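Open the model in your viewer and show the whole chain first. The stops below go from the whole chain to single residues.

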Amino acid sequence: MWRALSRSLLSIGVMVGIGMVLWGCRKDSASSLSVDKRGVSRANGERATHDRLYAVTQRLAPLRTIDLDKLSEKQKVLLRIPVKTQEIRDFLGEPEAWENAEISQVQLVLRFLIVQMDVAIADGQWGLAKQTVLDLVTFAQTLSRTGDVTHFEKAVTCCRAAARGVEQVLPHISPDEIRQLEKTLDDLKTQWGAVTQVVEAYRRRDTNRDPNLAELQEGIGTYDVLRKRLETVAKKCQAFIVCAMAACRIYEKNHPMGDCSHVSTRVQNDAILNDLIDPFSGTGLRKKISSAGLVVYSVGPNLRDDGGVTGGDPGDIEATDTPDDIAVTVRCGTE
C-alpha cells in the first residue's frame with residue numbers, strides 16, 4: 001500500500017512540476033534564453049519586430065472563431081483578412097520574432113496557413129498550396145527554436161497539417177516540383193530546436209528564482225519529464241516530414257501526373273524508401289495497402305504498429321494505449 005501511495009505522490013509531484021514550468025514559460029522564456037549583447041539598439045530592433053508581428057496578427061482576428069471543418073467559411077474569411085501572404089512569410093523563419101509572442105498569435109498564424117492551404121487546394125492553386133505546405137514546416141521548425149515549451153508543442157500541429165497538404169497536392173504537380181518539394185522537406189527535417197538547451201534554460205530560470213524550487217523540481221524528475229516530452233514532439237514532427245518525403249518519392253517514380261491504380265502493389269516491396277528511417281522505431285517506415293492507396297507510416301510514440309491508424313489530436317504528445325501511428329497516404333487517381 002505504501003509503495004502504491006509513494007508512486008502516486010511522485011506522479012502528482014512531477015505533474016505539478018511540469019505545470020509550474022509551463023506556467024512560467026510564457027513570461028520568462030525569452031529573457032532567460034537570450035543575452036542582450038548589443039544593448040539598446042538590439043532591444044529597440046526586437047521591439048520593432050514584435051510590434052510589426054503584433055500588428056499583422058491583429059488583422060488575422062476574423063480567424064479566431066472560424067470552423068476549420070467548413071470550406072465555405074474558410075473561403076469567406078480569407079477574403080475578409082487584410083493581410084498579404086508575404087507579410088506572414090516574413091516572420092515564419094525568424095525565431096527571435098516569436099520569443100515573446102503570445103500563444104494566441106501563434107494560433108492565428110497557424111490558422112491562417114491552414115485556411116490558405118485548404119482554400120488553395122479547393123481552388124486548384126497547386127503552386128500556392130505546395131508553398132504553404134513548406135511554410136507550415138518552416139513555421140514548425142521556428143517554433144521549436146524559440147525556447148518556449150508551448151510553442152515547441154504547437155509545431156506538431158503545423159507538421160500534421162503540412163503532411164495532410166502533401167497528400168492533396170502530389171497528384172497535381174509535376175515531377176520536377178515533386179523533387180523540389182522532397183528536397184526542401186529533407187533540408188527542414190533535422191533542424192529542430194535543441195531540447196537539452198530548452199530544458200537547461202528552464203532549470204537556470206528556476207534556480208535564479210529560488211534554488212530550493214530548482215532542487216525540488218530536480219528531485220521529483222520534472223526536468224527529465226520535460227526533456228522526454230519535447231523529444232517526443234521533435235520526433236513527431238520529423239515523422240510527419242519523413243512520411244511526406246516517402247510519398248514524394250512514390251509519386252515521382254510511380255505516379256507522374258496520372259492514375260496510380262497499380263502503385264500499391266508496385267511499391268509494397270520497393271527499395272526507394274529504405275533510407276527513410278522512422279524516428280520512433282529507428283527502422284524503416286511501414287507500408288500498408290488501403291482502399292485509398294498506399295499508406296506510409298511511422299509507429300508513433302507508443303512504439304506499436306497500429307496498422308497506419310492515426311491518433312485524433314496532434315497536440316496529444318504523450319504516448320498512450322490508443323493507436324497513434326503517423327501516416328501519409330499515396331492517393332489513387334486524381335481528385
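Start with the contacts in the chain, where contact means heavy atoms within 4.5 Å. Of the contacts with a separation of 6 or more, 70% are between residues 24 or more positions apart. This is a predicted model, in which local features need pLDDT of at least 70, side-chain atom pairs count only at pLDDT 80 or more, and totals for chains, interfaces and linings use all residues. Residues are numbered from 1 along each chain as its sequence is written, and side-chain values use heavy atoms, with hydrogens and water left out.

Next, colour by secondary structure. The chain has 13 helices and three strands; these are DSSP runs, numbered from the N terminus, with helices being H or I of at least four residues and strands being E of at least two.

Now colour by burial. Of the 335 residues, 49% are buried (under 20% relative accessible area; exposed is over 50% and partly exposed in between, with a 1.4 Å probe and protein chains only).

Select residues 175-188, which form helix α9. Which residues of α9 are buried? They are Ile-178, Leu-181, Glu-182, Leu-185 and Leu-188. These residues lie on the same side of α9 because they cover an arc of only 125 degrees around the axis, taken from the directions from the helix axis to the C-beta atoms. Turn to the other side of α9 to find Asp-176 and Lys-183, which are exposed.

Last, select Leu-303, in the loop between β2 (293-298) and β3 (326-331). The phi of Leu-303 is near 60 degrees, a positive value in a residue other than glycine. Leu-303 is exposed, with a relative accessible area of 55%.

Methods: The expected span of a helix is 1.5 Å times one less than its number of residues.
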